[in-house]
Amino acid sequence: MSPAITVTDLVKTYGEHRAVDGLSFTVEPGEILALLGPNGAGKTSTAECIAGLRHPDAGHVEVLGVDPRAERERVAGRLGVMLQDGGVHRSATPAELIGTFAAYYDDPLDPVAIIAELGLDGVARRRVRTLSGGEAQRVSLALALVGRPRVALLDEPTVGMDPATRRATWQRLDALREDGVAVLLTTHLMEEAEQLADRVAVIDRGGLVALDAPDVLTAPDRGLHVETPGPFEPERLAAALSCEVTHLEGQRWHVDLPAERLSAVAVWFASQGVALSGVTVARQRLEDVYLRLTDNDEPASAHDEDAER
């Protein structure tokens, strides 16, 4: 099966600023690829080129095997797009907008059903300008999905949503994957990327710096965490296994050994007659990996104002 999205050596410039610099990746049908990067890294410009809204200055983009800009009519009916500034008519109601969008497609979802599914029943007849940020986001998501797309480009889809609504939205995106939809998801929420993405692409200054499954990117361990129901002598463990042992909290300790030495730790505790109530590998967080790759000292904000243009 061919990739649903193919980006090859993509370059996009604005004056002298190169927002996207030789970017290449694919997204397969039924895959969610999370595109991570600091503000101005090139995420939105990349999504706009894939959507056919901008023309690449170099390189090539294909969506479902065709150029999304040169053959827009062949792609438009199978592509759902949710950008940060979707240009939604703020004087219209969600019911009006979703019903109108549905009429553009040959086999759309039932507007009433998707309104209910995304929890918009109570605001369906209100003007968009009166909605909260999270409610407006759900309207934009409904507009992107009502046409039953085979490819969905979702730029910060859960910004402004409360935790319960965000979790419900994640379930909806999981359902897209199960239906074989290819999803390109840009987000600053590391938990969102870890929960949803099959693969994560990290870009910085317009270029790709990492691309792999979240558990692969976070795979290098940072030692072991051990927990005991009672006291033990950490200095004896450190001397026996030639490692550092530091206290975390309560009866939890960090043992500075790789995961491959877990059995040696367990054997030592058994030889001392000390029970273990838990041993876990202390893995990196995706946020730690992201910050290291992008050389940022501060966590990314929850919203990308997209300074790349």
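These are my notebook entries on what I looked up in this predicted model.

**Ground rules**

I number residues from 1 along each chain as its sequence is written, and because the model is predicted I take local features only at pLDDT of at least 70 and side-chain atom pairs only at pLDDT 80 or more, while totals for chains, interfaces and linings use all residues. Side-chain values rest on heavy atoms, with hydrogens and water left out.

**Overall layout**

I began with the secondary structure and found 11 helices and 13 strands in the protein chain, where helices (H or I, at least four residues) and strands (E, at least two) are DSSP runs numbered from the N terminus. The C-alpha atoms fill a box of roughly 70 × 45 × 35 Å along the principal axes. Of the 309 residues, 47% count as buried; I use buried for under 20% relative accessible area, exposed for over 50%, and partly exposed for what lies in between (1.4 Å probe, protein chains only).

I then looked at contacts, meaning heavy atoms within 4.5 Å: among those between residues at least 6 apart in sequence, 70% join residues at least 24 apart. The accessible surface comes to about 14,600 Å², of which 48% belongs to carbon and sulfur atoms, with areas from the Shrake-Rupley method and a 1.4 Å probe, only the protein chains shown counting as cover for residues.

For charge, I noted 30 positive and 49 negative side chains, with the centres of the two sets 5 Å apart. Lys and Arg count as positive and Asp and Glu as negative, with His and the chain ends not counted, and each charge is placed at NZ of Lys, CZ of Arg, CG of Asp or CD of Glu.

**Nonpolar cores**

Which residues touch the most other members of the largest nonpolar core? In this core of 33 residues they are I98, I114, L120, L141, L154 and V183, a nonpolar core being a set of buried Ala, Val, Leu, Ile, Met, Phe, Trp, Tyr and Cys residues joined through side-chain atoms within 4.5 Å. The elements giving two or more residues to this core are α3 (94-102), α4 (111-117), α5 (133-145), β6 (151-155), α6 (163-178) and β7 (182-186), and the largest share, six residues, comes from α5. Leaving aside neighbours within four places in sequence, I found L120 in contact with I98, I115, E135, R138 and V139. Apart from this core lies another, of 26 residues, among them I5, V7, I50 and A182.

I checked helix α1 (residues 43-50) and found eight of its eight residues buried, so the helix is largely enclosed by the rest of the structure. G52, which follows α1, has a positive phi near 80 degrees.

In helix α11 (residues 286-294) the buried residues are L286, V289, Y290, L291 and T294. Their cover includes β3 (32-36), α7 (190-196), β8 (199-204) and α8 (214-217). D295 follows α11, and its phi is also positive, near 55 degrees.

**Aromatic pairs**

I counted five aromatic pairs, where rings of Phe, Tyr and Trp (its six-membered ring) pair if their centres lie within 6.5 Å, and planes under 30 degrees apart count as stacked, over 60 as edge-to-face and the rest as tilted. The rings of F101 and Y104 have centres 5.6 Å apart and planes at 45 degrees, so this pair is tilted; F101 is partly exposed at 28% relative accessible area, whereas Y104 is exposed at 58%.

The rings of F232 and W253 have centres 5.4 Å apart and planes at 75 degrees, so that pair is edge-to-face. The pair links distant parts of the chain, 21 residues apart, with F232 in the loop between β10 (221-227) and α9 (234-241) and W253 in strand β12 (residues 252-255). F232 is buried at 11%, and W253 also counts as buried at 14% relative accessibility. Together with W268 and F269, F232 and W253 form one aromatic cluster.

**Two single residues**

P108 sits in the loop between α3 and α4 and is partly exposed, with a relative accessible area of 23%. Its C-alpha atom is separated by 5.6 Å from that of V146, 38 residues apart along the chain. Beyond neighbours within four places in sequence, P108 is in contact with A102, V146, G147 and R148.

V75, in helix α2 (residues 72-76), counts as buried at 2% relative accessibility. Leaving aside neighbours within four places in sequence, I found V75 in contact with V63, V66 and P68.
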